[in-house]
Amino acid sequence: MTGERIVVIEDEPDILELLQFNLEREGFGVVTAANGSDGLSVVQREKPDLVLLDLLLPGVDGLDVCRHLRAKPETADIPIIMVTAKGEESDVVLGLGVGADDYLQKPFSPRELIARIRAVLRRRGSDSPDPSVERIERGAVVIEPDRHRVTVDGEKRTFTPTEFRLLKFLASYPGRVFTRDQLVSKAIGEQAVVIDRNIDVHIRSVRQKLEPYRELIETVRGVGYTFRDEASDD
Ligand code: CA
């Protein structure tokens, strides 16, 4: 039994029941809500360890629920997994843009559901990266922000400032998916003039410099990029 509590906000009774069944079987405590406004009050009251949030809800939709939760200090840090319809990649981009931690596309298997939840809980448990961190080690890749230095298998590689910021940012949040917009605003910031599509060019270059570990940076089709989470089994 994990004892962690999850609020599930989903308007389709069959799916809600299935989610509740699978989560409880894994030892999670589950509280459900069938629409957005009930969902908001349940989350405020329960302060759960995670929220599973359907995007398409009657009344207050999933994006608005996510925005409201993020805007309130007492719920701003609760991990949210957005549940979207299959193939609606623009929905995924919107969901991540309003602060969802991850997403799950319908239909999903119970195994995938549990794996995603565990990955998000683990990431939250290990806390946000310390900006003053001296060393980020991801397998053979070692990043030393202070010295602006990257080594691959012990061998020094040269990165441009933009490439370095991208790599450092992605490697700081393994397993978390970022949209191109988020990478521009969060990783690169105001210092660099980078438009959306140029991100792809920078990422390509970062990957080349990570050889033979280029696959550490994964493309999430239609959404963005993620740094491979070695601890995750999904
Ligand atoms: Ca729905």
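At 61% relative accessibility, L56 is classed as exposed (over 50% relative accessible area, with buried meaning under 20% and partly exposed in between, for a 1.4 Å probe and protein chains only). The model is predicted, so that local features need pLDDT of at least 70 and side-chain atom pairs count only at pLDDT 80 or more, whereas totals for chains, interfaces and linings use all residues. Residues are numbered from 1 along each chain as its sequence is written, and side-chain values use heavy atoms, with hydrogens and water left out.

E12, in the loop between β1 (5-9) and α1 (13-25), and L56, in the loop between β3 (50-54) and α3 (62-71), lie 44 residues apart and link distant parts of the chain (helices are DSSP runs of H or I with at least four residues, strands runs of E with at least two, numbered from the N terminus). E12 is partly exposed, at 36% relative accessible area.

F169, Y173 and F178 form one aromatic cluster, in which rings of Phe, Tyr and Trp (its six-membered ring) pair if their centres lie within 6.5 Å, with planes under 30 degrees apart stacked, over 60 edge-to-face and the rest tilted. The F169 and Y173 rings, with centres 5.2 Å apart and planes at 55°, are tilted, whereas those of Y173 and F178, at 5.6 Å and 70°, are edge-to-face. F178 is buried, with a relative accessible area of 1%.
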